[in-house]
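Please examine the structure below with attention to its aromatic contacts and its charged side chains.

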Amino acid sequence: MSTVTIKTIEVCVKETEETVRFADEHFLQKPISYLKSNIAEFLFVESPDFDEIKVDSLALEVDDMFKTYMALFGLQGKKKEGETIRTFIEEKLQHNLHGFSISFSDNEGFWELNVPFDSLKGFDETMSIQDALQLLYEILGDLHKMRANN
């Protein structure tokens, strides 16, 4: 897969969802552990590459209680795809599902997922934010391909 292109990355306050600042290319090179050091913040990411694989409103944060790295996003799809999506994600998380949730929004017509991405094979707290986004992009790209073939 190609390198994921990040259009916008906003640093936001969890409590208010207020944007503190827009991040630049330099910020993407910071280690993903930035989120643990700044636990009151989350990152909102926009990318045409995520749009292509039907991922919407991607946010990264560290869960306040369990200190796990979480990816929260919408996934465009049909309600009948639920079991396929759940099984794929569970396998990729190596069955470490602490914090994982999936629900279908009938009003919006998409899946809402909370994925503890520190359980993904290849994840390392010292990896850059860019590399963490690349890892998520590759996994979710594989999910997109699998759904397209079903």
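The following paragraphs describe ring pairs, salt bridges and a charged patch in turn.

The model is predicted. A pair of aromatic rings is described by the distance of the centres and the angle of the planes. With ring centres required to lie within 6.5 Å, the structure contains six aromatic pairs. In one of them, the centres of Phe 50 and Tyr 137 are 5.7 Å apart and the planes meet at 85°, so the arrangement is edge-to-face. Phe 50 belongs to helix H3 (residues 48-52) and Tyr 137 to helix H5 (residues 129-149), so this contact ties together parts that are 87 residues apart in sequence. Phe 50 and Tyr 137 are both buried.

A further pair is formed by Tyr 69 and Phe 117, whose planes stand at 65° with the centres 6.1 Å apart, so this pair is also edge-to-face. Tyr 69 is in strand S5 (residues 69-76), whereas Phe 117 is in the loop between strand S7 (110-116) and H5; the two are 48 residues apart and link distant parts of the chain. Tyr 69 has a relative accessible area of 1% and is therefore buried, and Phe 117, at 0%, counts as buried because the limit is under 20%. Ring pairs join Tyr 69 and Phe 117 with Phe 123 in a cluster.

Side chains of opposite charge can pair when their charged atoms come close. Four salt bridges are present in the structure. One of them joins Glu 125 to Lys 36, with an N to O distance of 3.0 Å. Glu 125 is in the loop between S7 and H5 and Lys 36 is in helix H2 (residues 34-37), 89 residues apart, so that distant parts of the chain are linked. Glu 125 is partly exposed at 33% relative accessibility, and Lys 36 is partly exposed at 34%.

Where do the partners Glu 81 and Arg 147 lie? Glu 81 is in the loop between S5 and H4 and Arg 147 is in helix H5, so the pair ties together parts that are 66 residues apart in sequence. Their salt bridge has an N to O distance of 3.0 Å, and both residues are buried. By contrast, Asp 106 and Lys 79, which meet in a salt bridge at 3.8 Å, N to O, are both exposed.

Glu 52 is located in helix H3 and is exposed, with a relative accessible area of 56%.

Methods: Residues are numbered from 1 along each chain as its sequence is written. This is a predicted model: local features need pLDDT of at least 70, side-chain atom pairs count only at pLDDT 80 or more; totals for chains, interfaces and linings use all residues. Side-chain values use heavy atoms; hydrogens and water are left out. Rings of Phe, Tyr and Trp (its six-membered ring) pair if their centres lie within 6.5 Å; planes under 30 degrees apart count as stacked, over 60 as edge-to-face and the rest as tilted. Helices (H or I, at least four residues) and strands (E, at least two) are DSSP runs, numbered from the N terminus. Buried means under 20% relative accessible area, exposed over 50%, partly exposed in between (1.4 Å probe, protein chains only). A salt bridge is a side-chain nitrogen of Lys or Arg within 4 Å of a carboxyl oxygen of Asp or Glu.
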